[in-house]
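Have it open while you go through the points.

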Amino acid sequence: MYITASTSASSLLGRASRAGFSSSLSRTCALSPSPPSKFSSSAPFLAAANQQRSISFAAPVRSLRCSLPRWSHGVDWRSPISLRAQARAVAPVIERFQRKIATMAPGHPFKEIFTSLPKPGGGEFGKFYSLPALNDPRIDKLPYSIRILLESAIRNCDNFQVTKEDVEKIIDWENTSPKQVEIPFKPARVLLQDFTGVPAVVDLASMRDAMSSLGSDPGKINPLVPVDLVIDHSVQVDVARSANAVQANMGLEFQRNKERFAFLKWGSTAFRNTLVVPPGSGIVHQVNLEYLGRVVFNTDGMLYPDSVVGTDSHTTMIDGLGVAGWGVGGIEAEAAMLGQPMSMVLPGVVGFKLSGKLHNGVTATDLVLTVTQMLRKHGVVGKFVEFYGDGMGELSLADRATIANMSPEYGATMGFFPVDHVTLQYLKLTGRSDETVARIEAYLRANKMFVDYNEPQQERVYSSYLQLDLADVEPCISGPKRPHDRVTLREMKADWHSCLDNKVGFKGFAIPKEEQKKVAKFSFHGQPAEMKHGSVVIAAITSCTNTSNPSVMLGAALVAKKACEHGLQVKPWIKTSLAPGSGVVTKYLLQSGLQHYLNEQGFHIVGYGCTTCIGNSGELDESVASAISENDVVAAAVLSGNRNFEGRVHPLTRANYLASPPLVVAYALAGTVDIDFDKEPIGTGKDGKSVYFRDIWPSTEEIAEVVQSSVLPEMFKSTYEAITKGNPMWNQLTVPANSSYSWDPNSTYIHEPPYFKNMTLDPPGAHGVKDAYCLLNFGDSITTDHISPAGSIHKDSPAAKFLLERGVERKDFNSYGSRRGNDEVMARGTFANIRLVNKLLSGEVGPKTIHVPTGEKLFVYDAAMRYKTAGQDTIVLAGAEYGSGSSRDWAAKGPMLLGVKAVIAKSFERIHRSNLVGMGIIPLCFKPSQDADTVGLTGHERFTIDLPSNIKDIRPGQDVTVTTDTGKSFTCTVRFDTEVELAYFNNGGILPYVIRNLRKE
């Protein structure tokens, strides 16, 4: 049975074994026409409009939308300087709008279903496009996630960018989705974090310069949809196990990143409709869940579903709130900001039915790791996953958000949970007004987007089906190198020993039997210490995946409390840290009185950001690092994150396991992953007796009681009211009021990129590849961490050399992620991962390759520059799942700057393939059952890719022939998946395409 909308907060907390909490804020934009207009539907014009849709640009109506400041909780975010700048900027936008509106015929293709949503007591909530008013029985069978795409298409239909034919494709989803048809999609907003946000703002600033160079108005480069940027990726765990860790780490964060932060603050004033959440506020996806998510927009009385694309792959976390959201490449997001409709293949939807109830002591993290493994095995890349079933009532909103968060790990575009009573209660608990929640419920019910499990369910059609009984979920972790390599706790010890035995790979380290029990003794600050294979050296409660969930956070605190009561203590040489996703977590940990016990075990709060999960784990103590390096120890990290690819968490932790926050504390106490928690004690208590896992593990009921008494609505209200005030360090940053950025050629953080230099009005056109050398030859599962590392800058790397030559000391290198605004650093960091496995090196691991003409072994960057200097193109050979992992635009920008013209792989991760296209790189797939090895390629050949020079002669997904100078010939599929992607390729990339189209307006 589901909770009714009138259920009290306390009763909700009492009934749920795992309670979820988040706030969603509805902010409106000042100027937006309602309803939107359409172009003339006369047949000749309509045919021409349909033909041109894929290469058109922003609809003129959208150019006015949200052109005035946005508001949050009634508090104006921006300064008076910003408001004045926007007032000056609005005038030309209105003028352009008035010129264009005169060319448009009145009316909307779906004006007959534009209707009022009445309030129960009189008046109206607003107006909306009614799906039931279409009277089409096919809509009743559509998955809820597809209904959101349908509403967006109807609302934005102008028979130019979005046509009636597109709407029909979506309505007929059951028949059209297997055919991989293309549809346009306009998200309601765009979400950024600072690692991806800085290059996005750099690109926008550079695009303004390009518009000026082409003799056009640089003011055309402005976001046309709301853009939220949360600074959360820059804080590092430099200081841990200290009461002043938060302030110390924030001080170092500002010291390292002052220039980047000032640049972002400039962007918030120079570009309209942009909100920047300062450092120290929280993790982007938790802030999105608790604060930024609207669920239903109300823009000047027009109601429509919230939807968002973000430049971080875990944007999918918002799917747990019933908001359609997913990760895209930075360059795609920039185009969406500027009004460009996203071209996407209408996805299949996997229906995932949940039943039963989790056993006592099983966490949401155990559930999501199980779901990840199931979906990875099923194969859901490029698909939506939609959850339903009686088991939904057993999952709190926070549990749902945890599952939705890891969509990238199981490969889906979305992991969607439709809005139901649990969602409404979540919104109420976090301070949304009764009227706002009533409007959300009324709109979604009226538009058949609300699930009421107290009513008979209409049968929906899915592309395929999966089912999980929650009672089958066991406590587990995942690793040691991939998120979907799940291991149950009862099998963990045996699995670890198998990993030591196995050859080097995702589940192997190839440690000889005689060395597996070796103990490395060392001195830690005068205290005798020892380490062996599997010793835990990093234990981090971190990441959006889990820190948004009160049940697992308070569960971790209870484990710490029980451990303290038994007299157990985490070894001092283990680097422990706690990085909450928002200030709300700190409030309820303090309210519960449990933060004290986490501090006793070394889990002091170190900052509010992603930290260890993205490689910002900071340095290990020198004695620990030396013990690992000198003895070749396979050291372990245990973290409550979502990514554990080798080399990501820390260069010295070869084994990295994802676990729930309570298990992070448990493994820290054990000091090793080489333990059977069922049979072996974690340690010896103060009474001299053995203490076992079961002695410190809290029950589900214990956790629920603490959640009920400690997590309060006022905590969310006060946290997010304070967030609008910034912090002293942020508020002291001064920025110029210029609309164009003054580039500093000496800056090592912000640099004008070369993408638009010498750009012409005419597109460069399509091209093939002739006599290209192979820069790198990869196997399977090369991630964006391998291509574009986000961690530390190695002291001997080309990037380090570049920085040292410019007077940057090693201590000030910062991370690759923090320097994403400088193309010169990032090009040198491309393929600089120390764990890179390149077949050209015959087994050697590291960031080097063979320069084929000379046979020299060089850093990848140095080899690439030698090819470029000689005027020689390069390609990359790869295996399956090329580009999996975080949605980094630099994983495409970097190869482009290195001169890579094509990537030939067995398969691509969805976002990365799109990013390659966006940067003008040709993605090619081997035919099924083929790869570089079966074709007989060594990487020492020269490659010619036979593509027509006229874009009209290329069609999406066509076959092309690749030949080599050794006489081999094989057929590949060119992975331009839509007509729009062909238009991008013809223009040399998505951003030049956008500029040329804006220039024509």
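1. Leaving out neighbours within four places in sequence, Lys-906 is in contact with Asp-780, Ala-878, Gly-879, Ala-880, Cys-925, Phe-926, Gln-930 and Asp-931. Contact here is heavy atoms within 4.5 Å. Keep in mind that this is a predicted model, where local features need pLDDT of at least 70, side-chain atom pairs count only at pLDDT 80 or more, and totals for chains, interfaces and linings use all residues. Numbering runs from 1 along each chain as its sequence is written, and side-chain values use heavy atoms, with hydrogens and water left out.

2. Where does Lys-906 sit? You'll find Lys-906 in the loop between strand E32 (900-905) and helix H33 (910-918); helices (H or I, at least four residues) and strands (E, at least two) are DSSP runs, numbered from the N terminus. From Lys-906 to Gln-930, 24 residues apart along the chain, the C-alpha separation is 7.3 Å.

3. Lys-906 counts as partly exposed because its relative accessibility is 34%. The cut-offs are under 20% relative accessible area for buried and over 50% for exposed, with partly exposed in between (1.4 Å probe, protein chains only).

4. Now for Thr-372, which is part of helix H12 (residues 364-378). Thr-372 has a relative accessible area of 0%, so it is buried. Not counting residues up to four places away in sequence, Thr-372 touches Met-406, Glu-409, Tyr-410, Pro-483 and His-484.

5. On disulfides (a pair of cysteine sulfur atoms within 2.5 Å), searching the whole structure turns up zero. Cys-613 is in none, and its nearest cysteine sulfur, that of Cys-544, is 6.5 Å away. Cys-613 is also buried, with a relative accessible area of 4%.
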